[in-house]
Amino acid sequence: MVVYFDDILIYSRSEKEHYQNLFEIIQVLEREKLFGNLKKCTFFAKEVIFLGYVVSEDGIKVDDSKIEVIQS
């Protein structure tokens, strides 16, 4: 599971671990009175684009759209 929570990327190996990681991050944000922009958040996605990379359950790879010009 992958979450892109504003500018925080959370990667977990299982759904159970993902719930726990997300819970802990949200607790820290609440304690520090920090807030995420929900328009920029994606929860329980199979993959996300982050800093020019595709992060998924299969690992990390370069976003093909970022290197398309170089390849052609």
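This is a predicted model: local features need pLDDT of at least 70, side-chain atom pairs count only at pLDDT 80 or more; totals for chains, interfaces and linings use all residues.
**View 1. Strand E5, made of residues 53-56, is shown with its partner E6.** The two strands E5 and E6 pair in the antiparallel sense, and four bridges link them. Within this view, the reader can find Tyr53, which stands opposite Val62 in E6.

**View 2. Helix H1 runs through residues 15-31 and has 17 residues.** From its first C-alpha to its last, helix H1 reaches 24 Å, which is close to the 24 Å expected at 1.5 Å a residue. Just after H1 comes Lys33, a residue that takes a positive phi of about 55 degrees.

**View 3. The buried and exposed residues of H1 are shown here.** His18, Leu22 and Leu29 are the buried residues of this helix, where buried means under 20% relative accessible area. These three residues cover an arc of only 25 degrees around the axis, and therefore they lie on the same side of H1. An α-helix has 3.6 residues a turn, so residues three or four places apart point the same way. On the other side of H1, by contrast, Lys16 and Arg31 are exposed.

Notes
Residues are numbered from 1 along each chain as its sequence is written. Side-chain values use heavy atoms; hydrogens and water are left out. Two strands pair if DSSP finds at least two bridges between them. The expected span of a helix is 1.5 Å times one less than its number of residues. Buried means under 20% relative accessible area, exposed over 50%, partly exposed in between (1.4 Å probe, protein chains only). The arc is that of the directions from the helix axis to the C-beta atoms.
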